[in-house]
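Hi,

Here is the structure I promised to pass on. Please load it first, then read my notes below.

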Amino acid sequence: QVQLVESGGGLVQAGGSLRLSCAASGNIFNIGSMAWYRQAPGKERELVATFTRGGSTSYADSVKGRFTIFRDNAKKTVSLQMNSLKSEDTAVYYCNADVQTTAWKPRANYWGQGTQVTVSS
């Protein structure tokens, strides 16, 4: 079993900052890409930022220059530093990771339970 547990969500005023964290635990052999998604009310879940196992990062156009994704392989964590927050960033943010649980199994995709981020204007 693999668990992804997010923390750090909350209420913040527009222009403010929040840092989300996600810790992976359980039966983990290695982790491939780790990412953050978000889903606003009435909208589809969208990819916000990705950090590959090889060290590459990518961002949705809507958050470029404002959000930064960090990863600590030793601690099995991924974080999202969110600056200059806007009301349109309000959403439930989900951690996502491709995890290999044993050497002889392919990686499987896992989701966290989500953490609410609300930006007041």
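How many bridges join β7 to strand β8, and in which direction do the two strands run? There are 6, and the strands run antiparallel. β8 covers residues 77–82. Within this pair, I69 stands opposite L80 of β8. Keep in mind that this is a predicted model.

The sheet around them:
The two strands belong to an open sheet of 4 strands. Its order is β1-β3-β8-β7, and the pairing is antiparallel. β1 (2–7) and β7 (67–72) are the edge strands. Each has a single partner strand, so one side of each lacks a neighbour in the sheet. On average, neighbouring strands here are turned by 15° against each other, direction ignored.

The disulfide:
The count is 1 disulfide. C22 is joined to C95, with an S to S distance of 2.1 Å. The S-S torsion is about -80°, so this disulfide is left-handed. C22 sits in β3 (residues 18–26) and C95 in β9 (residues 91–100), so the bond ties together parts 73 residues apart in sequence. Both C22 and C95 are buried.

One more residue, T50:
T50 is in strand β5, residues 46–51. Is T50 buried or exposed? Its relative accessible area is 13%. The cut-off for buried is under 20%, so T50 counts as buried. Leaving aside residues up to four places away in sequence, T50 touches S33, M34, A35, S56, T57, S58 and I69. I69 is also the residue that stands opposite L80 in β8.

Best wishes

Terms used:
Residues numbered from 1 in each chain as written. Predicted model: local features only at pLDDT ≥ 70, side-chain atom pairs only at ≥ 80, totals over all residues. Heavy atoms only, no water. Pairing = 2+ DSSP bridges. Axes fitted to C-alpha atoms, helices over the stretch in contact; angles between N-to-C directions. Buried < 20%, exposed > 50% of the residue type's maximum accessible area, 1.4 Å probe, protein only. Contact = heavy atoms within 4.5 Å. Disulfide = S-S within 2.5 Å.
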